[in-house]
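Here are some quick notes to go with the model. Have it open while you read.

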Amino acid sequence: MIVKTKFWQEPKQIIKTRIGVLLVVMLVIGIFFRFYNLDRKVYWHDEIYTSLRISGYTKQELTQEIFNGSVIGIEDLQKFQRPNREKNLIDTINSLAIEEPQHPPLYYAIARWWVEIFGYSVKTMRILPALISLLAFPCVYWLCWELFRTPLVGWVAIALIAISPFHVLYAQEARQFSLWAVTILLSSAALLRAMRLKTKPSWRIYGVTLALGFYTFPLTGMVAIAHGIYLWVIEGFRLSKTVASYLLASLAGLIAFLPWIVFIINNFTVVKISTEWNQKDIAKSLLLQWFGWQTSQIFIDLGDMPKQMMNLAMIIILTIIGYSIYFLVWRNTQKIWLSLLSMILVNLLPLILPDLIFGGQRSIVIRYLTPMVLGIQLAVAHLIATQIFGTISWSRKIGKAITILLMTGGIVSCAVSSQANNWNVKKNHHDATQIAQIINQTQRPLLMSTNNEVNIGEILSIGYLLNPKTKFQLVIEPNFPQIPDGVTDIFLFNPSQGWREKLEKDFNYKVDRVNPGELDLWKLTK
């Protein structure tokens, strides 16, 4: 007997199959770009400090040992970039607690263990966050299932995160931000599960995921607050049993983090000094423009483009984001849309409002806005998944157009950045690649510098790009070393004006800038 299929069933099934294949292809492409050309981009300033921490040395120890005027080689710098027998895991944790307590130790402990097993190199250091980033895929699917109860939204969210230039770039950075994205998704999904099951084990799991988030990055506190606001509203602003369970679980996670909170409090002056850079005021119009650019680069990031093109891309992407949030609220119950809206706003407002009122640039550091990024991507994933199978023809066309734009934009962005030596999230204060190229063209170069706050990380970063023949003389300003014999070219990196004037006046040297106006690299001659 032949069973006739209704005319609309076959096309819809074909569409589902095609969409499924497309999403799987996006996932494969996203995984590929996470591991492709891992060591091509410069090992930049922040990553240098990751390696310094896993070595177990402090910045103070590094300064005392190599900024003493002695002639040293690249291998002497590398001592402070990898684990060694002189230092152990306790030293790694201690260096963070003393000098960078705003960076909890979970990722750094994992990274040290990883390097001890697989050896140290730029590629090895970046394979770890790339592997960790893959955990975001099951976590985002779980969160979407708890939230929407439909697999399609989860698969679209996986595809968007897979080819998002934001996630790919941070997956290739030896820092904790890919792990933070995983813990945000994990704790958010665990919260919804605990609210659904209402069992003690489920709330314990939520408390553990929250503690993991705290030990990854302190701004997890904003995620916990967003969870609390969401739950408080859903429960009708009353102290229900569910709210009480949330408070106990959150308190347990906070108590687990208490030992590190003590380090943050005791070394708060260090934290304040380390974060002063993001409190420097910029024009409000420029702040908002940069925020718009950074937000649009969640989906499309082609690097340095003409300003007009960047503004056009920003307008298109922000329009899609705005419509996605409107559509989310319009088409869903409060229990669904409030979860994502609280994730977005509770992370964004505490950063952008102080910038607008008191001045600063906290809100344009996109890695600090990872919860907002994830909330936006889930809202867009919901829009695409709903529109593609909508009953109205024009809504399906909108869904397809947005899908094509974001998928194509993401792939092209990842392809372009994979060929670059640098990118906006990996920019040193100086162009390390160009500086290294100039120095490498000489026969027996000597690079001199001082212990300027910026110079320490920059010198080690440049060291990864220099030929082994390069020698270094590093001093604590205003000291000046005895220049050794046998060097053909003497370069100064980022010298202060006072140091340059001292060289010219007291030591009768001539100091000329290399490539005037572009690099802070100077040539020293008699």
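**Notes on a strand and a helix pair**

1. Start with Leu 446, which sits opposite Ile 490 in strand 4. This is a predicted model, where local features need pLDDT of at least 70, side-chain atom pairs count only at pLDDT 80 or more, and totals for chains, interfaces and linings use all residues. Residues are numbered from 1 along each chain as its sequence is written, and side-chain values use heavy atoms, leaving out hydrogens and water.

2. Strand 2 (residues 445-450) has parallel partners: four bridges join it to strand 4 (residues 489-493), and five join it to strand 3 (residues 471-475). Strands are DSSP runs of E, at least two residues, and helices are runs of H or I, at least four, numbered from the N terminus; two strands pair if DSSP finds at least two bridges between them. Leu 447 has Phe 472 of strand 3 as its bridge partner.

3. Is strand 2 enclosed or open? Six of its six residues are buried, so the rest of the structure largely encloses it (buried means under 20% relative accessible area, with a 1.4 Å probe and protein chains only). Pro 445, Leu 447 and Ser 449 are buried on one side, and Leu 446, Met 448 and Thr 450 on the other. In a regular strand, side chains alternate between the two faces of the sheet.

4. Elsewhere, the axes of helix 8 (residues 136-148) and helix 11 (residues 177-197) come within 9 Å and cross at roughly 30 degrees. That makes helix 8 roughly parallel to helix 11 (angles under 35 degrees count as such; axes are lines fitted to C-alpha atoms over the stretch in contact, with angles from 0 to 180 degrees between N-to-C directions).

Methods:
Parallel < 35°, antiparallel > 145°, perpendicular 65-115°, else oblique. Buried < 20%, exposed > 50% of the residue type's maximum accessible area, 1.4 Å probe, protein only.
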